[in-house]
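Here is a short briefing on a single protein chain.

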Amino acid sequence: MAIITIGSIPLIMTLGNSMLIPILPQMKAALELSQMQVSLTITVFSIMAAIFIPFVGYLSDRFSRKVVIIPSIILFGLGGLISGIGAAYFSQSYIWILIGRSIQGIGAAGSAPIAMALTGDLFKGGEQSRVLGVFEASNGLGKVLSPIFGSLLGLIIWYAAFFVFPALCLISLILLLFFIKEKNNRQAPPPFAKYVRGLLSVFKHEGRWIFTTYLAGGTCLFTLFGILFYLSDVLETKYSIEGIMKGLVLAVPLLVLVITSYITGSKIGKNLEKMKRLSVIGFGLMTLSYGTLIFFEKIIPFISVLAISSVGAGLILPCVNSIITGAVGKERRGFVTSLYGSVRFLGVAFGPPIFTRLMEWSNTGMFLTIAAFTLLVGLLVLTLLHVKGKDGKKNKKTAIRYKYT
């Protein structure tokens, strides 16, 4: 039940963005918005999350994970309620939606990233990697279900999705209160100045691989949400696919991501060499997928080739999660994993607006640009992420100090 509870948190946070994607065209038409204004409903959520994540990460290290997660989930539900009421009853609906989405973003900051740190606290070794695989699979499952749920709710009325968030948050809160028991042997929090010096020391000695893994995770979320935003638009405008069928099409590459993430998390254990190898392969698959999408116009071949990029992301994300969570001591894990969460949210935030600009420029240019970017990140992972070999010896002086504390 503890694993189910932890898995429920990223699932709900994922629904916070993904469930809105199928209804964005309806929102655009109902409120007479531009494509850029519509994309801001995704972007403002993620930017607010990215801004507040470092603060809640520090608070979770200083006090406890649950003390941060519980009010954050409440804020997330409240933000959805404000957006829904604003859309239903107020004349300036768009402004109220942005206000509600901003509050949801603050709630998201203290939820999924801190849940990742909580996983690191409660589970050790290969079990930790397995649970982090479940964590990422749950994140992906939210992405699979959300287009379907969003499309179904859109058949009622386009803003119905906002009212679902409070109910989902209530379920997660009940699970958290009953099934998560934090250990009572937490050390007294260090003074703030000492805490900051410790963080600076971590980033001074481990900064190269930490920022490389941050970039890898952020790139996966950036491309994923960018391509979902693109698909949501072209499925209606180009292929005349709407409603539940649109949700099912959007769910296909996401389902591939879920399955791959779960299998990857269950197989990697704490083998850093395998994690690096799978991450490099993952970026190779993403580059291949995006680079060849320009040759496919029909929907079935297009989705099939796009699914290859989902396999790549499913290889990368559990590996990155395990590296970041396991390589930092418990006393600073909250901040480091939260900063990683901030980068992931920034990837989500910049995906829709950047893809909007690229779509206005050229579809071919868009896919080739993204392919070049994933290739570059893959090369950075290959060259900057040094790990211990199977014999226990370091390959480089800058090898990751991987430990469970």
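The side chains of E297 and K238 meet in a salt bridge, at 2.5 Å from N to O. A salt bridge here is a side-chain nitrogen of Lys or Arg within 4 Å of a carboxyl oxygen of Asp or Glu. The pair links distant parts of the chain, 59 residues apart. The model is predicted: local features need pLDDT of at least 70, side-chain atom pairs count only at pLDDT 80 or more, and totals for chains, interfaces and linings use all residues. Residues are numbered from 1 along each chain as its sequence is written, and side-chain values use heavy atoms, leaving out hydrogens and water.

**Salt bridges**

- The search of the whole structure finds two salt bridges.
- E297 sits in the loop between α11 (272-292) and α12 (299-326), while K238 sits in the loop between α9 and α10.
- E297 is partly exposed, at 49% relative accessible area. K238 is partly exposed too, at 44%.
- For these classes, buried means under 20% relative accessible area, exposed means over 50%, and partly exposed lies in between (1.4 Å probe, protein chains only).
- E360 and R357 also meet through their side chains in a salt bridge, at 3.2 Å from N to O.
- Both E360 and R357 lie in helix α13 (residues 330-361), three residues apart, about one turn of the helix.
- An α-helix has 3.6 residues a turn, so residues three or four places apart point the same way.
- E360 is exposed at 53% relative accessible area, and R357 is exposed at 51%.

**Overall fold and confidence**

- The protein chain has 14 helices and zero strands. Helices (H or I, at least four residues) and strands (E, at least two) are DSSP runs, numbered from the N terminus.
- Of its 405 residues, 59% count as buried.
- Among contacts between residues at least 6 apart in sequence, 85% join residues at least 24 apart. Contact means heavy atoms within 4.5 Å.
- The accessible surface comes to about 16000 Å², and 70% of that surface belongs to carbon and sulfur atoms. Accessible areas come from the Shrake-Rupley method with a 1.4 Å probe; for residues, only the protein chains shown count as cover.
- The chain averages a pLDDT of 80, and 86% of the residues score at least 70. pLDDT is the predictor's confidence in each residue, from 0 to 100.
- Over residues 389-405, pLDDT stays under 50. The model has 48 contacts beyond four places in sequence for this stretch.

**Nonpolar surface patch**

- L75, L78, L81, I85, Y89, F90, I95, W96, I99 and F163 form a nonpolar patch on the surface, with about 880 Å² of accessible area together.
- Two elements give two or more residues to the patch: α4 (65-89) and α5 (93-109).
- Helix α4 gives the largest share, five residues.
- L81 lies in α4 and is partly exposed at 35% relative accessibility.
- Patches are made of residues with over 30% relative accessible area and no salt bridge: like charges are joined within 9 Å, nonpolar side chains (Val, Leu, Ile, Met, Phe, Trp, Tyr) within 5 Å.

**Buried sites**

- Helix α6 (residues 112-122) is largely enclosed by the rest of the structure, because ten of its eleven residues are buried.
- Its buried residues include A112, P113, M116, G120 and D121.
- T5 is found in helix α1 (residues 2-18). T5 counts as buried, at 0% relative accessibility.
- Not counting residues up to four places away in sequence, T5 touches L175, L176, F179 and I180.
- C169 is buried at 2% relative accessible area, and C319 is buried at 0%.
- The search of the whole structure finds zero disulfides. A disulfide is a pair of cysteine sulfur atoms within 2.5 Å.

**Positive phi in loops**

- Most residues other than glycine have a negative phi.
- E32 has a phi near 55°, a positive value. E32 is in the loop between α2 (24-31) and α3 (35-62), and is exposed at 71% relative accessibility.
- S240 has a positive phi near 55°. S240 is in the loop between α9 (192-237) and α10 (243-267), and is exposed at 59% relative accessible area.
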